[in-house]
Amino acid sequence: MATLSQLLKSTFGYASFRPLQREIIEASLAGRDVFALLPTGGGKSLCFQLPALAREGLTVVVSPLIALMKDQVDALQASGVAATFLNSTLGEKAARSRLAGLHRGEFKLLYAAPERLMLDGWDENLKAWNVTCLAIDEAHCVSEWGHDFRPEYRQLARLRAALPGVPVMALTATATTRVRADIITHLQLREPVTFVASFNRPNLTYRVVPKDQPLKQIVEFVKKREHESGIIYCASRATAERVAEGLASRGYSARAYHAGLTGGERSENQEQFLRDDTRIICATIAFGMGINKPNVRWIVHHDLPKNIEGYYQETGRAGRDGLPGDCLLLFSAGDVAKQMHFLDEITDAHEQQVARNQLRQIVHYAENSACRRAELLAYFGEKFPLDNCGACDNCLEPRETYDGTLVAQKFLSCVYRIRQAGRFGVGLNHIVEVLTGADTDKIRRWGHDRLTTYGIGGELSRPQWAAVGRELMRLGYMNVDEGEFATLSLTDEGLAVLKARTAITLTKPMDLPKAKRVVRREGDIACDEILFERLRTLRKKIADERHVPAYIVFGDTTLRALARYYPASADAMEGIPGMGEKKRAEFAEIFAAEIATYLATNSRQAFD
């Protein structure tokens, strides 16, 4: 029997495992239940694909993303793995043929949606197919505290009764401590071996800039990345359409993707994107993409995401191949106000409170002057060990600070006076209205126009005061009280600095971006860029002939390695990442010939 390392090399073309992959695989092969949290791009799929090849029987993979199943199965088949899927996209004849193959034991992996496995009579099918592992992908869908709750995932626990001796592997890319506990409970994992990888994606660069003429900002961003694939996330269908049309009218290959399109239109647009015929997809945040495209090089958020988990997962779709990816968030106070308005319309008080907390966290992330990477990791309970990540705007270009003692005193004093006058608290917006001397019904009714702090904040605009208030919360001088109205109160520390008139340093608001200094990015593979483009054109030609996305042939990591080491024969391709035995037999001669042709008229470049 081949060792795990041999299987990894011969099937998938990799010489070494990524962090925790080997340990997860060995625990599963030992018959243990496993909970694995690996960030997007951390190699989750291999954790159930490789043991499926190393053990007898069938591994059933539960996935909520029907659109992804075909791509994953195509990629496995291209590597010589007997895999199939069953979902609603198949016609009756194709479904019957695959069921017959499953009964004959022809497959090592079966991908299916949770609803399919809950159908009447499927218990008997699963028992007949010699299922030896159940892998539940996107396991956070089982938790109502996750960002993508799906009630049908709760029913998967029934499979434990149908397959009592079969080990279960639950995998996810994003989950807080609370969601992790939910997954283990609801899926009835038995004393699972738990693996939590680092959430750090060192190859991604994070930037937040003030939103100002967003289409113009996006065009400027895309102009420097014309040959790269990217996703623009928008808060509404209308915005997604408008941005896609704006880019297309300027000659960029862009399409929209949202729930308002027909199923056929969505499939067509996604297929175009996967095959690199369309470079840019403008997608609604709410609908999500569910794509498995390793060479997405950048992500732009046109609008503020609803929560940090969603933002982390969406930015995580860049650079899944380990090569560099850029993440840009356009931020405006108007977006915050818009989302607050939507939250006011939520009738369930608990649901509204959860949504408010999530919005506060993402606003805190956007406005904060600290390292973006450290902030993201802290949300998931992980401490970033460095003071400067060297790959976010706040680390590369720290924002200026100023003496904010006077404005801080005004704000804290206003919160204190209102509490003192009425024995109740108010929210951030009301404090800002009192400071700026607004004439509102609430201010008159509660007598806040008679406070000494009424109208003392004329030097700043309302959005500026709101930003000061949020920074004072981040610094620990104020709390947001739990409850329906999210009222503000001073902390002990806030009361102390107010009474002592302690000097307070605040950070200047974000400016529009200046020219960025170029930095060497984590994951970069220096190579002959002209040869890389030629190999990319060849890859697309082969992929189009086979009617598959380009990455099914080879990922960008493989092409960049070829364009760095110039292997002009099949034998010279030993050690190229992503070049398993089947792919080497199929494609090595073609790519070697292209490299040899290139070298006939071009000299090799030397790389450090």
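How many disulfides does the structure hold? The structure holds zero disulfides, a disulfide being a pair of cysteine sulfur atoms within 2.5 Å. This is a predicted model, in which local features need pLDDT of at least 70 and side-chain atom pairs count only at pLDDT 80 or more, while totals for chains, interfaces and linings use all residues. Residues are numbered from 1 along each chain as its sequence is written, and side-chain values use heavy atoms, leaving out hydrogens and water.

- Cys 133 takes part in no disulfide, and the nearest cysteine sulfur, belonging to Cys 47, lies 11 Å away.
- Cys 133 has 1% relative accessibility and counts as buried (buried means under 20% relative accessible area, exposed over 50%, partly exposed in between, with a 1.4 Å probe and protein chains only).
- Cys 141 is likewise in no disulfide, with the nearest cysteine sulfur, again that of Cys 47, 18 Å away.
- Cys 141 is buried, at a relative accessible area of 0%.

- Strand E1 covers residues 34-37; helices (H or I, at least four residues) and strands (E, at least two) are DSSP runs, numbered from the N terminus.
- In a regular strand the side chains alternate between the two faces of the sheet.
- Both faces of E1 are covered, with Val 34 and Ala 36 buried on one side and Phe 35 and Leu 37 buried on the other.
- E1 runs parallel to strand E6 (residues 168-172), to which four bridges join it; two strands pair if DSSP finds at least two bridges between them.
- Ala 36 has Leu 171 as its bridge partner in E6.
- Four bridges also join E1 to strand E7 (residues 193-196), and these two run parallel.
- Leu 37 has Val 196 as its bridge partner in E7.

- Strand E11 (residues 280-284) has five of its five residues buried.
- On one side of E11 are Ile 280, Cys 282 and Thr 284, and on the other Ile 281 and Ala 283.
- Strand E9 (residues 229-234) is joined to E11 by five bridges, in parallel, and Ile 232 stands opposite Cys 282.
- Strand E10 (residues 254-257) is joined to E11 by four bridges, also in parallel, and Tyr 257 stands opposite Ala 283.
- Strand E12 (residues 296-301) has six of its six residues buried.
- E9 and E12 run parallel with five bridges between them, and Ile 231 stands opposite Ile 299 in E12.
- Four bridges connect E12 to the parallel strand E13 (residues 325-331), where Leu 329 is the bridge partner of His 301.

**Nonpolar cores**

- A nonpolar core is a set of buried Ala, Val, Leu, Ile, Met, Phe, Trp, Tyr and Cys residues joined through side-chain atoms within 4.5 Å.
- The largest core has 107 residues, of which Leu 50, Leu 117, Leu 126, Ile 136, Leu 187 and Tyr 365 touch the most other members.
- Leu 126 is in contact (heavy atoms within 4.5 Å) with Val 60, Leu 117, Val 131, Leu 159 and Leu 163, leaving aside residues up to four places away in sequence.
- Another core, of 31 residues, lies apart from the largest one, and its members include Ala 78, Ile 576, Phe 591 and Ala 592.

**Helix H26**

- Helix H26 (residues 581-601) bends by about 50° at Phe 587, the bend being the angle between axes fitted to the seven residues ending there and the seven starting there.
- Among the buried residues of H26 are Lys 583, Phe 587, Phe 591 and Leu 599.
- These buried residues pack against helices H4 (66-78), H23 (529-546), H24 (550-553) and H25 (556-565).
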